[in-house]
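Trainee: I've got a new model open and I'd like to learn how to read it feature by feature. Can we go through it together?

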Amino acid sequence: MATQVLQGKVAFITGGGSGLGAAFARRLAADGATIVVNDLSGAAASAVAAEVGGSTAVFDVCDSAAFDAGIDAAVQRHGSLDILINNAGIAPAVTAESLARFDVALANAMLRMEGRISEMQPTNAITSLTDAEWDRMIKVHLYGSFYGVRAGLRHMQQQRSGVIVNISSILGQLPAGGPVHYSAAKAAIIALTKSAAAETAHLGIRVNAVCPGYIDTPLLGDLSDMMRIAVTTRLAMGRMGTAEELAELVRFLSGPESSYATGDVFTMSGGYVG
Ligand SMILES: NC(=O)c1ccc[n+]([C@@H]2O[C@H](COP(=O)([O-])OP(=O)(O)OC[C@H]3O[C@@H](n4cnc5c(N)ncnc54)[C@H](O)[C@@H]3O)[C@@H](O)[C@H]2O)c1
């Protein structure tokens, strides 16, 4: 059998127990990588690790000491850290209040089309956001990605090689009204990516960001039917993407085919039109 492109490479994927992370694990494993599946959920991490013949690292990416220990243990066990995908994430909660705000936003959109601006109402997405909601969203996405980049670079700099892919979002590039904490965290991940890439390119390390549009994963499982319709009308292709479609992009960025990409931002959105 021909040698697989990622044979001998060790890939550490955060939030790998579900959705996109699980698809990334399957795709990289299919090309020969050894996979370490991180997740908050031990059961989810174990199921994906068993499927791809990899190992698990169960911890919260907001815990920097646990992140350092998890990466160190992976290097100890598998011999290197070649690919790090900072993917773990959470969605803004869908609650009775957020559904009511969505109804106000829809009514506002109709009023705007009719030019009845003075009748439009506040949606209060920002004014109702609690400190705890803001903190958790920023922690999981921005702190989690930073802890990963820092822990990963400590090994990759010694190796003078490695690839990091940070999962941002189309909402980090084109923030919409509503999930301000999610958009702010995802935008900051792009800055983190570019800064880390500039600092490490001469060491043979590449760091890129991926901005998915709306991808049908458990993350979006709580969206109401109306929210799904509203989302889909913003996609030129008229459908959400699949985790497997995104995995092709992450596979490209993880391997030698993307040798000239660093500090770059790759959007895959099916034509998100804002
Ligand atoms: N699905 C989309 O439409 C979409 C769009 C843009 C960006 N993203 C981003 O893609 C990434 C993956 O999302 P998904 O759609 O696969 O979601 P998902 O809910 O299917 O999977 C996320 C996984 O991350 C894990 N996780 C959550 N918080 C964690 C923590 N603190 N530490 C460790 N693991 C944690 C969860 O347990 C879960 O297994 C997220 O960063 C998300 O923001 C998703």
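Mentor: Let's start with burial: a residue is buried if 20 or more other C-beta atoms lie within 10 Å of its own, and exposed if 12 or fewer do. Keep in mind that this is a predicted model.

Trainee: Is Asn166 buried or exposed, then?

Mentor: Asn166 has 27 other C-beta atoms within 10 Å, so it is buried. Its place is in strand 5. Leaving aside neighbours within four places in sequence, Asn166 is in contact with Asn86, Ser145, Ile189, Leu192, Thr193 and Ala209.

Trainee: Zooming out, how many helices and strands are in the protein chain?

Mentor: Nine helices and seven strands. Buried residues make up 42% of the 274 residues. Of the contacts between residues at least 6 apart in sequence, 70% join residues at least 24 apart.

Trainee: What radius of gyration would a compact globule with 274 residues have, and what does the protein chain have?

Mentor: A compact globule with 274 residues would come out near 19 Å, and the protein chain has 19 Å, so the two agree. Along its principal axes, the C-alpha trace spans about 65 × 40 × 35 Å.

Trainee: Now the strands. How do I read the two sides of one?

Mentor: In a regular strand the side chains alternate between the two faces of the sheet. Now look at strand 4: Ile83 and Ile85 are on one side, Leu84 and Asn86 are on the other, and all of them are buried. Both faces of strand 4 are covered.

Trainee: In which sense does strand 4 pair with strand 1, and in which sense with strand 5?

Mentor: Strand 1 and strand 4 pair in the parallel sense over three bridges, with Ala11 opposite Ile83. Strand 4 and strand 5 also pair in the parallel sense, over four bridges. There, the bridge partner of Leu84 is Ile164 in strand 5.

Trainee: And helices, how do I read those?

Mentor: An α-helix has 3.6 residues a turn, so residues three or four places apart point the same way.

Trainee: What do the buried residues of helix 9 pack against?

Mentor: Strand 1, helix 1, strand 4, strand 5, strand 6 and strand 7. The buried residues in helix 9 include Leu246, Leu249, Val250 and Leu253. Helix 9 covers residues 243–254, and its twelve residues reach 16 Å, close to the 16 Å expected.

Trainee: Which residues other than glycine have a positive phi?

Mentor: Asn124 is one of them, with phi near 65°. Asn124 sits in the loop between helix 4 and helix 5. With 12 other C-beta atoms within 10 Å, Asn124 is exposed. Arg160 also has a positive phi, about 55°, and lies in the loop between helix 5 and strand 5. Arg160 is exposed too, with 11 other C-beta atoms within 10 Å.

Trainee: Last one: how many residues surround the ligand, and which are the closest?

Mentor: There are 30 residues around the ligand, and the closest are Gly15, Ser18, Gly19, Gly89 and Leu219. The elements giving two or more residues to that shell are helix 1, strand 2 and helix 5. Helix 1 gives the most, with three residues. By class, the shell has 15 nonpolar, 13 polar and two charged residues.

How values were computed:
Residues numbered from 1 in each chain as written. Predicted model: local features only at pLDDT ≥ 70, side-chain atom pairs only at ≥ 80, totals over all residues. Expected span 1.5 Å × (residues − 1). Contact = placed C-beta atoms within 7 Å. Rg over C-alpha atoms; globule rule 2.2 N^0.38 Å. Near = placed C-beta within 6 Å. Nonpolar A, V, L, I, M, F, W, Y, C, P; charged D, E, K, R; others polar. Pairing = 2+ DSSP bridges.
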